[in-house]
Amino acid sequence: LAPPHHPQEKKKNKLKSWLAETTTALSRELVQSPDDHLFDEIAHYIDELERATKRAHHEAACIVRRHRDVSHGWTEFGKSLTALGAAEGDGTESAAGVVGEAASSTLAPVAGGARGSG
């Protein structure tokens, strides 16, 4: 059994250890009781909750990654439009340049913030 690397894993392992020790101690000292199934139900609930939590964490991480990538793509698109507007270079602001500036300035904080969270 590998040592836990996360405080929540330590708590979970302590609880599972306690349940296992208690079940073992009870099985040595006592005869079967109608309430013994409660320990099995609690252990099963903990296992299912752990699986569901891991699934939810994985899905949330995928969503964050996806949104970060989309935000980054839009920011790059805005920069491209800004460069296109600058390349037109007639001294007036072109539509592409205005749209590019707006997109870049609006989405840069989103893309930058999402990049730091994943």
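Modeller: A patch is made of residues with over 30% relative accessible area and no salt bridge; like charges are joined within 9 Å, and nonpolar side chains (Val, Leu, Ile, Met, Phe, Trp, Tyr) within 5 Å. Accessible areas come from the Shrake-Rupley method with a 1.4 Å probe, and for residues only the protein chains shown count as cover. This is a predicted model: local features need pLDDT of at least 70, side-chain atom pairs count only at pLDDT 80 or more, and totals for chains, interfaces and linings use all residues. Residues are numbered from 1 along each chain as its sequence is written, and side-chain values use heavy atoms, with hydrogens and water left out.

Biologist: Which residues make a nonpolar surface patch here?

Modeller: V70, W74 and F77 make one of about 310 Å².

Biologist: Why are W74 and F77 called partly exposed?

Modeller: The class runs between two limits: buried is under 20% relative accessible area, exposed is over 50%, and partly exposed is in between (1.4 Å probe, protein chains only). W74 has 47%, so it is partly exposed. F77 has 43%, so it is partly exposed too.

Biologist: What is the overall fold made of?

Modeller: The chain has three helices and zero strands. Helices (H or I, at least four residues) and strands (E, at least two) are DSSP runs, numbered from the N terminus. The order from the N terminus is α-α-α.

Biologist: How much of the chain is buried?

Modeller: Of its 118 residues, 16% count as buried. The accessible surface comes to about 9,100 Å², and carbon and sulfur atoms hold 62% of that.

Biologist: How many aromatic pairs does a search of the whole structure find?

Modeller: Two. Rings of Phe, Tyr and Trp (its six-membered ring) pair if their centres lie within 6.5 Å; planes under 30 degrees apart count as stacked, over 60 as edge-to-face and the rest as tilted.

Biologist: Why is the pair of W18 and F39 called tilted?

Modeller: The ring centres are 6.5 Å apart and the planes stand at 50°, so the pair is tilted.

Biologist: What does the pair of W18 and F39 tie together?

Modeller: W18 sits in helix α1 (residues 7–29) and F39 in helix α2 (residues 36–88), so the pair ties together parts that are 21 residues apart in sequence. W18 has 47% relative accessibility, so it counts as partly exposed.

Biologist: What makes the pair of W74 and F77 edge-to-face?

Modeller: The angle between the planes is 85°, and the centres are 5.7 Å apart. W74 and F77 both lie in helix α2, three residues apart, about one turn of the helix.

Biologist: Which residues of α2 are buried?

Modeller: Among them are I46, E50, C62 and R68.

Biologist: Why is D40 called exposed?

Modeller: Its relative accessibility is 55%, so D40 counts as exposed. D40 is in helix α2.

Biologist: How many salt bridges does the structure hold?

Modeller: Five. A salt bridge needs a side-chain nitrogen of Lys or Arg within 4 Å of a carboxyl oxygen of Asp or Glu. Side chains of opposite charge can pair when their charged atoms come close.

Biologist: What makes R51 and E48 a salt bridge?

Modeller: Their side chains meet at 2.5 Å, N to O. Both lie in helix α2, three residues apart, about one turn of the helix. R51 is partly exposed at 43%, and E48 is partly exposed at 34%.

Biologist: How far apart are K54 and E50, N to O?

Modeller: The distance is 3.5 Å, and the two side chains meet in a salt bridge. K54 and E50 are four residues apart in helix α2, so about one helical turn separates them. K54 is exposed, with 56%.

Biologist: Which residues are linked in a network of salt bridges?

Modeller: K16, D47, E50 and K54.

Biologist: What makes E76 and K79 a salt bridge?

Modeller: Their closest N and O atoms are 3.7 Å apart. Both lie in helix α2, three residues apart. E76 is partly exposed at 34%, and K79 is partly exposed at 46%.
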